Amino acid sequence: MTTRREFLVLACGAASITAATRSEAQLVPNQEALRKAALREAIRKVTGGAPLSRGRVKLDLPPLIDNGNAVPLSVTVENPMTNADHVKAIHIFTEKNPQPYVLSAYLGPRAGRARLATRVRIADSGTVTAVAQLSDGSFWSDSAEVVVTLSACLEEGLI
Amino acid sequence: MARAIITMPAAARRGEIIEIKALVAHSMETGFRRTQYGDLIPRDIITRFVCTYNGAQIFSAELHPAIAANPLLAFSTVATESGTITFRWSGDNGYAVTETASILVE
């Protein structure tokens, strides 16, 4: 049988523990900064620190997205596909998804032309980036800003 | 039973660039969604796609949770010789599906 005094001591203890966890929970890390850092890290992993130039790559996706669960996306690289000079890989990243990675595609001279299309999920309005790796070791990129009305991945909004 | 749909021409001239569209039925569960009780739904996605033309690899891709359900990949290849093009998807929980399509090159 718990006495009234014991009950009060226990209740106070429980309350203070709840208060402590809640104050810790309020110290949420800056999600936006973390995701930007994750995106930079993901791109750096692909390029290995090599310089990333703008141009040559054309990333095509609708600027206004009603449903982020299936967004048509295509990447075209203006580069011949010969044995000596071709596109080796195309990588796609997003800024606002829980993970920056979307797709890494590996192609070669047998592709004929450097074009790729797929459907992706986008969680929130932000930047989508495509990076192309050429056979000479150079990296080219293109980015597109999109506005998303219905978010993908996260039913209760962005965490 | 997994269902895959391949869209590509049945015949082509030698040296012609043909477009291939490969779609497979899969929910691509992201691993970030929760049930109504707050439990995380485990990730179940296709992680890898490989396309081979008469045994030689012509295209491959690594897929991530940000690929929409029923992943569709459209790419191209040069029609070099008659034969079969094989498509292979593999992923979480031992998922593996293979589909083939034949092409006639004149």
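1. Let's start with the strand pairing across the two chains. In this predicted model, β6(A) runs antiparallel to β5(B), which spans residues 56-63 of chain B, and the two pair over 5 bridges. If you want a place to look, take A:Ala105, whose bridge partner in β5(B) is B:Ala61.

2. Now for the extent of the contact. Chain A brings 27 residues to it and chain B brings 31 residues. Together the chains bury about 2,600 Å², and 50% of that lies on carbon and sulfur atoms. Three arginines deserve a look here: A:Arg110, A:Arg119 and A:Arg121 account for 30% of the area that chain A buries against chain B, more than any other three residues.

3. A further arginine, A:Arg115, turns up in the charge pairing. The rule finds 1 salt bridge across the interface of chain A and chain B. There, the side chains of A:Arg115 and B:Glu19 meet at 3.6 Å, N to O.

4. Which strands of chain A supply at least two residues each to the side that touches chain B? They are β6 (101-107) and β7 (115-120). Of the elements on that side, β6(A) gives the most, with 7 residues, and β6(A) is also the strand that pairs with β5(B).

5. The side of chain A that touches chain B is made up of 14 nonpolar, 7 polar and 6 charged residues.

Terms used: Residues numbered from 1 in each chain as written. Chains lettered and ligands numbered in written order. Predicted model: local features only at pLDDT ≥ 70, side-chain atom pairs only at ≥ 80, totals over all residues. Heavy atoms only, no water. Contact = heavy atoms within 4.5 Å. Buried area = accessible area lost by both parts, 1.4 Å probe. Salt bridge = Lys/Arg side-chain N within 4 Å of Asp/Glu carboxyl O. Helix = DSSP H or I, 4+ residues; strand = E, 2+ residues; numbered from the N terminus. Nonpolar A, V, L, I, M, F, W, Y, C, P; charged D, E, K, R; others polar. Pairing = 2+ DSSP bridges.
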